[in-house]
Amino acid sequence: MELMTQEQIRAQLAVSKQQGSLVGVHDFDEAGETFDVGFVLAVDELFVLLLGIDWDGKINGLTAIRLASIHRVRSQTDYLTTVSLKCKVAQENGYFDLWHLQDFLHDHDYQGKNILRTLLTDSYQNDLPLVIGTKKYKGGDDFTGVISDLGMIKLTLHYFNSHDLSSLWEYEILLAQIDYVRVRGTQTATARKVLDQVFHQE
């Protein structure tokens, strides 16, 4: 599958945002077998912000992806047509927006803002769990937890390992090494339950 230039990627994201159409953002591997699906909410100099959609057609949170990590952006594929129809079924049956993100977005505009900094600050100030993927572990691992310290250059994350819940771990992450962030969705709701029930981090 042919890779796209950054100019082509930005153009496709802009068109999809204007049209309100679903996109598939391929940022994990060049073969394109793993990708994020969603509606484009905003684009800044470094990141695109998606309203993420899962395979069942439900909103599964906000996802920010570093533009330099994106290999291609696809739209109007058979896969995306199927997901779009699933979204309609989810809306018709009341399970499209389980996390009330449409109400949240009504009061939170990301246009003209630093997407990464805005998401990190929201999570830090409101003690919200988040998922962070880094260049070092791209496509192979990510970190789920809460930010204990947020600076201009790096953050400190208290995270847990789903396969070893004996302790919370600490990891310093340079902001320049962050490839993607997921907030206010399915993964983070699960993380909140783990933090509350296992680590008593209410």
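Start at the second largest pocket, whose volume is about 230 Å³. This is a predicted model in which local features need pLDDT of at least 70 and side-chain atom pairs count only at pLDDT 80 or more, while totals for chains, interfaces and linings use all residues. Residues are numbered from 1 along each chain as its sequence is written, and side-chain values use heavy atoms, with hydrogens and water left out.

Pockets are found on a 1 Å grid over the protein atoms alone: a pocket is an open set of points where a 1.4 Å probe fits, with protein on both sides within 12 Å along at least five of seven lines, and lining residues have an atom within 4 Å of a point. Grid points are joined across faces, edges and corners, and the volume is the space filled by probe spheres set on the points.

**Stop 1: the second largest pocket**

Select Asp 141, Asp 142, Phe 143, Thr 144, Tyr 159, Phe 160, Asn 161, Ser 162, His 163 and Gln 187, which line this pocket. Strand 7 and strand 8 each supply at least two of the lining residues; strands are DSSP runs of E with at least two residues, helices are runs of H or I with at least four, and both are numbered from the N terminus. Strand 8 gives the largest share, three residues. The lining of the second largest pocket holds three nonpolar, five polar and two charged residues, where Ala, Val, Leu, Ile, Met, Phe, Trp, Tyr, Cys and Pro count as nonpolar, Asp, Glu, Lys and Arg as charged, and the others, Gly among them, as polar.

**Stop 2: the largest pocket**

Now move to the largest pocket, which contains about 280 Å³ of space. Its lining has 18 residues, and those closest to the pocket centre are Asp 36, Ile 53, Asp 54, Asn 60 and Arg 182. To show the secondary structure around the largest pocket, colour strand 2 (36–43), strand 3 (47–53), strand 4 (59–66), strand 10 (178–183) and helix 5 (186–197), each of which supplies at least two lining residues. Which element gives the largest share of this lining? Strand 4 does, with four residues. By class, the lining of the largest pocket divides into seven nonpolar, eight polar and three charged residues.

**Stop 3: salt bridges**

Side chains of opposite charge can pair when their charged atoms come close. Here a salt bridge is a side-chain nitrogen of Lys or Arg within 4 Å of a carboxyl oxygen of Asp or Glu, and the count is eight.

Select Asp 142 and Arg 182: they form a salt bridge with the closest N and O atoms 3.8 Å apart. Asp 142 is in the loop between strand 6 and strand 7 and Arg 182 is in strand 10, so the pair ties together parts that are 40 residues apart in sequence. Burial is read from relative accessible area (under 20% buried, over 50% exposed, partly exposed in between; 1.4 Å probe, protein chains only). Arg 182 is buried at 16%, whereas Asp 142 is partly exposed at 24%.

Next, Lys 58 and Asp 54 form a salt bridge, with their closest N and O atoms 2.9 Å apart. Both Lys 58 and Asp 54 are buried.

Then go to Arg 192 and Asp 127, a salt bridge with 3.9 Å between the closest N and O atoms. Arg 192 belongs to helix 5 and Asp 127 to the loop between helix 4 (115–125) and strand 6 (130–134), so this pair ties together parts 65 residues apart in sequence. Asp 127 is partly exposed, with a relative accessible area of 35%.

**Stop 4: positive phi**

Gln 76 sits in the loop between strand 5 (72–74) and helix 2 (78–92). Is Gln 76 exposed or buried? Its relative accessible area is 70%, so Gln 76 is exposed.

Arg 184, also not a glycine, has a positive phi of about 50°. Arg 184 lies in the loop between strand 10 and helix 5 and is partly exposed, at 25% relative accessibility.

**Stop 5: a buried strand residue**

Ile 173 is in strand 9 (residues 164–174) and counts as buried, at 2% relative accessibility. Display Thr 156 as well: Ile 173 and Thr 156 are 17 residues apart in sequence and 6.3 Å apart in space, C-alpha to C-alpha.
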